[in-house]
Amino acid sequence: MTAQSGRESGPRADTVAAVVRQWQAVHPGLDTGPMEIIGRINRSAALLQQAEDAPLRRAGLSRPEFDLLGALRRTGHELTPGELARETFSSGAAVTKRLKQLTERGLVERRVDTRDRRVAHLRLTDAGRDLVDGILPEQLAYETAVLSVLDARGQGELASLLGELLTQLEGRLGALRA
C-alpha cells in the first residue's frame with residue numbers, strides 16, 4: 001500500500017483485485033480465477049463505454065444507434081432490419097425502435113422491397129454516412145490512446161487472447177441456440 005493513496009500499487013491493485021480479496025476472506029477455498037478475468041473484462045468494458053460514448057453523445061447518438069449506422073456503413077450495402085439485428089447483436093424490436101429514430105433524423109433511408117412489401121431495405125443517407133465518417137476517427141483516436149498503456153506486443157497478445165475467448169464463446173452459445 002502506498003501511504004498517500006491507501007491503495008495497493010502494482011499490477012493487481014485494481015478494483016477487481018479488492019473484490020477478489022474480499023471473497024477470499026469470506027470463502028478462503030474458493031477459486032476466484034474466473035472472477036479475476038471476467039470481472040476485469042466487464043469492468044474494462046464499462047469504463048471504456050463511459051468514455052468512448054462522449055463523441056457519440058456530442059453527436060446526439062447512443063452507442064446502439066451508432067452500431068446500427070456503423071453496420072450500414074461498413075457493410076457497404078442495404079440491409080434488412082433482421083440483418084441489422086444480427087450484425088449488431090440486437091433484438092428485432094430494439095432495431096425497429098432505433099431505426100425509427102434514425103430515419104426521423106434523416107440518417108437512414110428505408111426502401112420497400114418491390115417483390116415483398118413486408119420487407120424493408122435500409123441504407124445510410126449522405127448525412128448518415130458523413131456522421132459516421134466524422135465520428136469514427138475520433139473513436140479510433142480515443143481507443144489508440146487508451147491502449148497506449150500496453151506496448152505493441154501486449155496489445156497483440158491481448159487481442160489474440162480475447163479473439164480466442166470470443167470465438168469459443170460464440171461457438172458455444174451458437175450450439176446452445178441450435
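Does leucine 150 count as buried, partly exposed or exposed, and at what relative accessibility? The views below come from a predicted model.

**View 1. Leucine 150 in the loop between H6 and H7.** Leucine 150 counts as partly exposed, because its relative accessibility is 32%. Partly exposed covers the range between the buried limit of 20% and the exposed limit of 50%. This leucine also belongs to a nonpolar surface patch.

**View 2. A nonpolar patch on the surface.** Helices H2 (33–58) and H7 (152–177) each supply at least two of the patch residues. H7 provides the largest share, with 4 residues.

**View 3. Helix H6, residues 126–147.** H6 has 22 residues, so at 1.5 Å a residue it should span 32 Å. Its end C-alpha atoms are 32 Å apart, in agreement with that expectation. The buried residues of the helix are Gly128, Leu131, Val132, Ile135 and Gln139.

**View 4. The largest pocket.** Its space amounts to about 1700 Å³. The lining has 41 residues, and Ile41, Ser44, Ala45, Leu48 and Leu162 are the closest to the pocket centre. Two or more lining residues come from each of H2, H3 (63–75), H4 (81–88), H6 and H7. H2 gives the most, with 10 residues.

Methods. Residues are numbered from 1 along each chain as its sequence is written. This is a predicted model: local features need pLDDT of at least 70, side-chain atom pairs count only at pLDDT 80 or more; totals for chains, interfaces and linings use all residues. Side-chain values use heavy atoms; hydrogens and water are left out. The expected span of a helix is 1.5 Å times one less than its number of residues. Buried means under 20% relative accessible area, exposed over 50%, partly exposed in between (1.4 Å probe, protein chains only). Patches are made of residues with over 30% relative accessible area and no salt bridge: like charges are joined within 9 Å, nonpolar side chains (Val, Leu, Ile, Met, Phe, Trp, Tyr) within 5 Å. Accessible areas come from the Shrake-Rupley method with a 1.4 Å probe; for residues, only the protein chains shown count as cover. A salt bridge is a side-chain nitrogen of Lys or Arg within 4 Å of a carboxyl oxygen of Asp or Glu. On a 1 Å grid over the protein atoms alone, a cavity is a set of points where a 1.4 Å probe fits but cannot get out, and a pocket is an open set with protein on both sides within 12 Å along at least five of seven lines; lining residues have an atom within 4 Å of a point. Grid points are joined across faces, edges and corners, and a volume is the space filled by probe spheres set on the points.
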